[in-house]
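The following exercises are to be worked through with the structure in view. Each consists of a task and a solution in steps.

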Amino acid sequence: MMKSTDSFTAEKVSNHIHDDLAFFILSKLPLKSSKRFSCVRKSWSHLFENPNFINMYRKYFISSTYEEDGSSLLLQQTLPYLPNLHVLYLLFGERFENKVKFDWPPPFQEDNIAIHILGPVINGIVCLYHGREPVVILCNPATEEYQVLPPSPTESPVLYEEVYYYVHGFGYEHVRDDYKVIRYVSYSLDVPDDFEGDIDGEPIKLSRDSMWEIYNLRSNSWRKLDLDLPRAHHGWVGVYVYMKGVCHWYQDEFEHKGYLVSFDISNEVFCTTPLPLYMNDSFDSVFLLRYLMVLNDHVALISNYVEMTTFHISILGELGVKESWTKLFIIGPLPCIEHPIGEGKNGDIFFRRKDGELVRFNLSTGVIDELGLKGESGCCQIVNYKQSSLPIEQIVD
């Protein structure tokens, strides 16, 4: 039976979606899905090179992070007049103008130098580690409960052996309701100059191979990980992040190359993703700085040259797929800004200025606000904080 011209036209029109509407819909999808749908139509093949689409995506990306009830922050900093003294504050209020000082757990009260926060606050629990000693603590600042992680067998070095610990991740395994910490253990010999080559007639043994180990809060114990994981070569802010059961860190290589390492704490497997290289190729500098953050449930990479205050922000759509990195924002130049120190809610990124002032930059408004606080370079860190009354002791068997 022949269709009428009107019905044929109506059917043809109903099967066509105008690009403006299609872009609006695609901008609401996760990055991974948007990338995959780009092969459906020719006009969609370069979505993230289309200015109209990228503007839609940015606006939704920022607006979807908005929280009505505001947020609180944990600030770990060293004071300009006491550069070796680390302190921990809770910041809250519309402009984070309210400040409450938290006391370090007892093991750190006697030695509060080189203390760092690892990863996020998970269910109110914070992972703290000492930059000079193998001491790691899980604590809840709101309830003042804490758990000092026990020593592992690796903390008994042989004669003339030095052991170094590099904490890489703290995360939550929801299936077993457990918390885990992963770290890299490295060994080296420190033999005195006058050492003659043996001990009681026995030749000194070579140092052991480096290894990875993982801690489970439920069993309150460490165990060896039989994995050849790439380790991070730096320990400052912006190297380690955690999101949805996966710990991430990056490893730098020569000529600005490098890759993201992603460790699934539940299955205890990992994958690597090459880091994006696109910056200003005409700018002659070997000092490319990188910082990892979590923005709107995406792993984000912030890159800048040390001589410039323009920051490139790329987000990752799919683990293991280099092409899924998408440059979403270029912010700046931001006068006198030195480096990021953490992310907040609602499109907030926190920076340290060259004069030591800590500031907040909002991706949506482009406005910079001073926090009225100062801190030393490389020692300031901000993380989101949500209080919880979770009793740590009930988790430990």
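Trp249 is buried, with a relative accessible area of 0%. The model in which this value was computed is a predicted one.

**Exercise 1.** Determine how the rings of Trp212 and Trp249 are arranged, and which parts of the chain they tie together.

Solution.
Step 1. The whole structure contains 9 aromatic pairs.
Step 2. For Trp212 and Trp249, the ring centres are 5.6 Å apart and the planes stand at 20°. Planes under 30 degrees apart count as stacked, so this pair is stacked.
Step 3. Trp212 belongs to strand S12 and Trp249 to strand S15 (residues 246-252), so the pair ties together parts that are 37 residues apart in sequence.
Step 4. Trp212 has a relative accessibility of 3% and counts as buried.
Step 5. One aromatic cluster is formed by Tyr166, Tyr184, Trp212 and Trp249.

**Exercise 2.** Classify the pair formed by the rings of Phe311 and Phe351, and state whether each residue is buried or exposed.

Solution.
Step 1. The ring centres of Phe311 and Phe351 lie 5.1 Å apart, with the planes at 55°. Stacked pairs have planes under 30 degrees apart and edge-to-face pairs over 60; the pair of Phe311 and Phe351 is therefore tilted.
Step 2. Phe311 is in strand S20 (residues 311-316) and Phe351 in strand S23 (residues 348-353), so that distant parts of the chain, 40 residues apart, are linked.
Step 3. Buried means under 20% relative accessible area. Phe311, at 0%, counts as buried, and Phe351 is buried with 1%.

**Exercise 3.** Describe the open sheet of 4 strands, and identify the strands that stand at its edges.

Solution.
Step 1. The order of the strands is S8-S9-S12-S13, and their pairing is antiparallel.
Step 2. S8 (161-173) and S13 each have a single partner strand, so one side of each is left without a neighbour in the sheet; these two strands stand at the edges.
Step 3. On average, neighbouring strands of this sheet are turned by 25° against each other, direction ignored.
Step 4. Strand S12 (residues 211-216) is joined to S13 by 5 bridges. Ile214 has Arg223, in S13, as its bridge partner.

**Exercise 4.** Characterise the surroundings of Lys180.

Solution.
Step 1. Lys180 is located in strand S9 (residues 178-189).
Step 2. The relative accessible area of Lys180 is 3%. The limit for a buried residue is under 20%, and Lys180 is therefore buried.
Step 3. Beyond four places in sequence, the residues that Lys180 touches include Ile214, Arg223 and Glu268.
Step 4. The side chains of Lys180 and Glu268 make a polar contact of 3.1 Å.

**Exercise 5.** Identify the rings over which Arg183 and Arg231 lie.

Solution.
Step 1. The charged end of Arg183 is placed over the ring of Trp222, at 3.9 Å from its centre.
Step 2. Arg231 lies over the face of Tyr166, 4.2 Å from the ring centre.

**Exercise 6.** State where Asp226 and Ile382 lie, and whether each is buried or exposed.

Solution.
Step 1. Asp226 is in the loop between strand S13 (221-225) and strand S14 (240-243). The relative accessible area of Asp226 is 68%, and this residue is exposed.
Step 2. Ile382 lies in strand S26 (residues 381-385) and is buried, at 3%.
Step 3. Outside its sequence neighbours within four places, Ile382 has contacts that include Leu73, Ile341 and Phe350.

Conventions: Residues numbered from 1 in each chain as written. Predicted model: local features only at pLDDT ≥ 70, side-chain atom pairs only at ≥ 80, totals over all residues. Heavy atoms only, no water. Buried < 20%, exposed > 50% of the residue type's maximum accessible area, 1.4 Å probe, protein only. Polar contact = N/O pair within 3.5 Å; in protein donor to acceptor, adjacent residues only side chain to side chain. Contact = heavy atoms within 4.5 Å. Pairing = 2+ DSSP bridges. Axes fitted to C-alpha atoms, helices over the stretch in contact; angles between N-to-C directions. Phe/Tyr/Trp six-rings, centres within 6.5 Å; stacked < 30°, edge-to-face > 60°. Lys NZ or Arg CZ within 6 Å of the ring centre and 35° of its normal.
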